[in-house]
Amino acid sequence: MFTVRKSATFSAAHALRNYEGRCARTHGHDYRVELVIQGRELDHRDLLVDFYDLDAAMASVVERIDHRHLNEIPPFDTVNPSAEAIARWFHDELNTKIQEISGGRATLQAVRLWETPDAVAVYEPGS
C-alpha cells in the first residue's frame with residue numbers, strides 16, 4: 001500500500017453555533033488541511049498521484065473559503081463550521097476529484113484539519 005500526503009493552509013473566520021463559550025463569537029484561525037491518499041498501484045511514471053495535480057485540486061477548494069467568514073458560505077451557512085465538519089467537507093469536495101486524477105488507483109483515506117498547531121480534527125470515511 002502506498003500513502004501520499006499533501007497539505008495546504010488557509011485563513012478563515014467562524015463562530016460556533018449552539019456553543020457556550022468564547023468560540024461562539026466570531027474569531028479566526030490559520031488552518032492547515034492535510035489529505036491522506038492511499039492506493040496499491042502506481043501509474044506508468046511510478047506515481048500514485050501527481051503532487052502538482054493534488055495542489056491544483058486542493059487550491060480549487062481552498063480558494064472558496066480562504067479569508068472568508070465560514071458561517072456566511074454554503075454549506076456552513078447551515079452546518080456548524082466546526083473543525084470536524086470542515087474536515088468532512090474537504091473530503092466530500094475532493095474525494096471524486098482524487099479518484100479522477102489518480103486514474104482510479106487512489107482513494108482519499110483521511111482528512112486532517114488543524115485549527116491551531118496542537119488541535120486537529122480527523123475525518124475518515126467509513127470508520
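Trainee: How many bridges join β4 to β5, and do these strands run parallel or antiparallel?

Mentor: As a general idea, strands of a sheet pair through backbone hydrogen bonds, either parallel or antiparallel. Two strands count as paired if DSSP finds at least two bridges between them. In this predicted model, 5 bridges join β4 to β5, and these two strands run antiparallel. Within this pair, arginine 112 stands opposite valine 122 in β5.

Trainee: Which conventions apply to the numbering and to the values?

Mentor: Residues are numbered from 1 along each chain as its sequence is written, and side-chain values use heavy atoms, with hydrogens and water left out. As the model is predicted, local features need pLDDT of at least 70 and side-chain atom pairs count only at pLDDT 80 or more, whereas totals for chains, interfaces and linings use all residues.

Trainee: How many helices and strands are there in the protein chain?

Mentor: Both kinds of element are DSSP runs, numbered from the N terminus: helices are H or I runs of at least four residues, and strands are E runs of at least two. The protein chain has 2 helices and 5 strands. Along the sequence, their pattern is β-β-α-β-α-β-β.

Trainee: In what order do the strands stand in the sheet?

Mentor: The 5 strands form an open sheet in the order β3-β1-β2-β4-β5, with mixed pairing. β3 and β5 (119-123) are at the edges with a single partner strand each, so one side of each has no neighbour in the sheet. Between β1 and β2 there are 13 bridges, and the two strands run antiparallel. One example is serine 11, whose bridge partner in β2 is aspartate 30. By contrast, β1 and β3 (residues 68-69) run parallel and are joined by 2 bridges. There, alanine 13 has histidine 69 of β3 as its bridge partner.

Trainee: Which residues have the most contacts inside the largest nonpolar core?

Mentor: A nonpolar core is a set of buried Ala, Val, Leu, Ile, Met, Phe, Trp, Tyr and Cys residues joined through side-chain atoms within 4.5 Å. Buried means under 20% relative accessible area, exposed means over 50%, and partly exposed lies in between (1.4 Å probe, protein chains only). The largest core here has 32 residues, and Phe10, Ile37, Phe90, Leu94 and Leu113 have the most contacts inside it. Two or more of its residues come from each of β1 (2-14), β2 (27-39), α1 (51-62), α2 (83-101) and β4 (107-116). The largest share, 8 residues, is from α2. Leaving out residues up to four places away in sequence, phenylalanine 90 touches Phe10, Val33, Val61, Val62, Ile65, Val111 and Leu113.

Trainee: Is leucine 70 buried or exposed?

Mentor: Leucine 70 counts as buried, because its relative accessibility is 0%. This residue lies in the loop between β3 and α2. Beyond its neighbours within four places in sequence, leucine 70 is in contact with several residues, including Ala12, Tyr31, Phe76 and Ile86. Leucine 70 and alanine 12 are 58 residues apart along the chain, yet 6.7 Å separates their C-alpha atoms.

Trainee: How many salt bridges does the count come to?

Mentor: A salt bridge is a side-chain nitrogen of Lys or Arg within 4 Å of a carboxyl oxygen of Asp or Glu. By this rule there are 6 salt bridges. One of them joins aspartate 43 to arginine 45 (2.6 Å, N to O). Aspartate 43 is buried because its relative accessibility is 12%, whereas arginine 45, at 42%, is partly exposed. Arginine 45 also meets aspartate 50 in a salt bridge (3.6 Å, N to O). Another salt bridge joins arginine 64 to glutamate 93 (2.9 Å, N to O). This pair links distant parts of the chain, 29 residues apart: arginine 64 is in the loop between α1 and β3, and glutamate 93 is in helix α2. Through shared partners, salt bridges join Asp43, Arg45, Asp50 and Arg105 into one network.

Technical notes: Contact means heavy atoms within 4.5 Å.
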